[in-house]
Every structure is written in C-alpha cells, then in structure tokens.
Amino acid sequence: MNLENKTAIVTGASGGLGAAISATLIQNGTKVFGLARNTQALSSLQNKLGSQFIPVSLDISDFEAVKNWVNQTFSENKVPDILINNAGAGSFGKIDEMPSEEWHAMINTNLNGMYYITSQIAGLMKKKKEGAHIVNIGSILGSMGRAESAAYCATKYGVQGFSDALFKELRFFNIKVTCFNPGSIDTHFFESSGIAAHSNMLHPQDLANTLVHILQTPDNMLISDITVRPLNPKKPEN
C-alpha cells in the first residue's frame with residue numbers, strides 16, 4: 001500500500017507505541033485519527049504532529065460511543081484505509097489476589113474494544129474497491145504463558161485467534177489482517193509486574209517503522225502474523 005493520502009485509525013494513540021505509529025504514518029503522508037481516553041495527551045500529540053493528526057477522545061470499550069463516532073465520521077464514500085488496534089490494558093499479579101475489576105478492564109479494552117471498532121470499520125472496508133489493512137497489536141504472551149500474567153495472556157491469546165480467523169474471513173474482500181506481536185517494549189507498561197523499562201527492550205519507534213513497512217508491502221502479499229523480540233532482553237549492566 002502506498003501510504004500517501006491514506007486515512008488511518010490508531011487506537012491507544014496518546015502515548016508509547018500508539019503515538020510512535022501515529023507519527024510514522026503521518027511522516028509517510030497518512031492522515032491519522034488518534035483514539036484514546038487521555039484528552040490532554042492527545043492534544044499535546046496534535047501540537048507535535050500537526051493537522052494530519054486528528055485527536056478523538058473515545059473509550060473503545062463503550063460500544064455505543066464507538067458506533068456513534070464511526071457513523072458520524074465515516075460513510076461508504078469516506079472509508080478509512082487502515083485500522084491499527086493498539087489500545088491495550090495490562091494488570092499483573094497472582095490470580096487469587098487480582099481484583100475482578102482488573103480482569104474486566106483487560107477484557108473490555110483488549111478484546112471487546114478491539115471487536116467493537118473492528119466490527120464497525122470492517123463493514124465499511126468491505127465496500128471499498130481499493131485494498132485495506134487491519135493490524136491487531138498482540139504480544140509474545142499471546143503464544144506463551146508467563147507466571148502472574150494469566151489474565152493478560154488470556155486476552156492476548158484471544159487477539160491471536162481473533163486475528164487468524166479475521167484474516168481468513170476478509171482476505172477475499174482485499175482486506176489484509178496482521179497480528180503484530182512484540183516482546184517487551186521500552187515503556188512503563190509492565191511496571192506493575194515488577195519489570196522496569198530499560199534500553200535493551202524494543203523501542204517504540206523501531207516497532208512503528210516495522211509496522212509501516214508491513215503496511216507498505218505489495219498488494220497481494222500478506223504478513224498475517226509476526227513476532228518481534230529483543231535479541232538480548234536482559235537489562236544492560238552499565
């Protein structure tokens with residue numbers, strides 16, 4: 001896909017990987033609707049990225065809010081080319097100590113929110129003559145377990161299955177679906193599990209560059225699943 005003059009939706013766009021993806025898409029000529037709940041962070045990002053970044057304060061776990069926004073923003077004559085399902089919640093701890101509210105928060109964002117917006121956007125994409133691309137941000141914990149991460153792993157295994165089934169459903173509508181599975185990223189995401197960010201973790205900008213490369217692959221070439229890890233995940237000694 002040539003990204004010039006394309007339109008993308010990026011969920012979880014206010015920081016970390018979502019912000020890096022948004023910036024890299026804009027650098028390649030794409031208009032980005034950046035969705036997140038943090039209005040202040042979205043506004044700051046717009047000041048940095050300019051008018052090609054359109055901030056949207058939205059809770060993707062609220063189906064009616066998602067449906068209303070899509071209906072007000074898009075139509076059969078105005079269809080996004082790219083959907084990046086990046087929004088994610090993560091809580092980590094012992095299964096018998098984790099509050100049920102944290103389980104529901106992860107399910108609502110990582111699975112329900114992804115389903116809500118994808119179900120609304122995919123129907124529009126199916127009516128396009130040109131190709132489209134949906135990228136679901138999974139995790140290496142979608143194919144392997146980790147102690148004290150049962151709830152988070154359950155959601156990321158779900159992302160993996162959702163993506164695999166969806167690519168088989170949409171491929172003949174000229175819609176690509178990719179499950180993009182990074183390992184540890186140099187952000188604060190895993191701090192609640194006792195893992196502090198460090199420079200040997202994957203860098204958001206490097207991942208954003210890789211994701212954009214996947215979007216730019218030839219029209220009849222699909223990378224349906226990709227896992228990206230740090231070569232050496234250990235914290236530097238110095």
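This is a predicted model: local features need pLDDT of at least 70, side-chain atom pairs count only at pLDDT 80 or more; totals for chains, interfaces and linings use all residues.
Reading from the N terminus, the elements run β-α-β-α-β-α-β-α-β-α-β-α-β. The chain is as compact as a globular protein of its length, because its radius of gyration of 17 Å is close to the 18 Å that the globule rule gives for 238 residues. If you picture a box along the principal axes, the C-alpha atoms fill one of roughly 50 × 40 × 35 Å.

How is the chain packed inside that box? Of its 238 residues, 47% count as buried. Among contacts with a separation of 6 or more, 69% are between residues 24 or more positions apart.

Glutamine 120 counts as buried because its relative accessibility is 19%, with the cut-off set at under 20%. Which residues does glutamine 120 touch, leaving aside its neighbours within four places in sequence? The contacts are Phe63, Val66, Lys67 and Val70. Helix α3 spans residues 63–73, so to speak the place to look when you trace these contacts.

Now for the charges. The chain has 19 positive and 20 negative charges, and their mean positions are 7 Å apart. How many salt bridges does the count come to? The count is 4.

One of these brings us back to lysine 128, which forms a salt bridge with aspartate 81, with the closest N and O atoms 2.9 Å apart. This pair links distant parts of the chain, as the two residues are 47 apart. Lysine 128 sits in the loop between α4 and β5 (132–137), while aspartate 81 sits in the loop between α3 (63–73) and β4 (82–85). Both partners are buried. Lysine 128 also forms a salt bridge with glutamate 130, where the closest N and O atoms are 3.6 Å apart.

Another salt bridge pairs lysine 168 with aspartate 164, the closest N and O atoms being 3.1 Å apart. Both residues lie in helix α5 (residues 150–170), 4 residues apart, which is about one turn of the helix. Lysine 168 is partly exposed, with a relative accessible area of 47%, and aspartate 164 counts as partly exposed at 37%. Elsewhere, salt bridges that share partners join Asp81, Lys128 and Glu130 into one network.

Conventions:
Residues are numbered from 1 along each chain as its sequence is written. Side-chain values use heavy atoms; hydrogens and water are left out. Buried means under 20% relative accessible area, exposed over 50%, partly exposed in between (1.4 Å probe, protein chains only). Contact means heavy atoms within 4.5 Å. The radius of gyration is taken over C-alpha atoms; the globule rule is 2.2 Å times the number of residues to the power 0.38. Lys and Arg count as positive and Asp and Glu as negative; His and the chain ends are not counted. The place of a charge is taken as NZ of Lys, CZ of Arg, CG of Asp or CD of Glu. A salt bridge is a side-chain nitrogen of Lys or Arg within 4 Å of a carboxyl oxygen of Asp or Glu.
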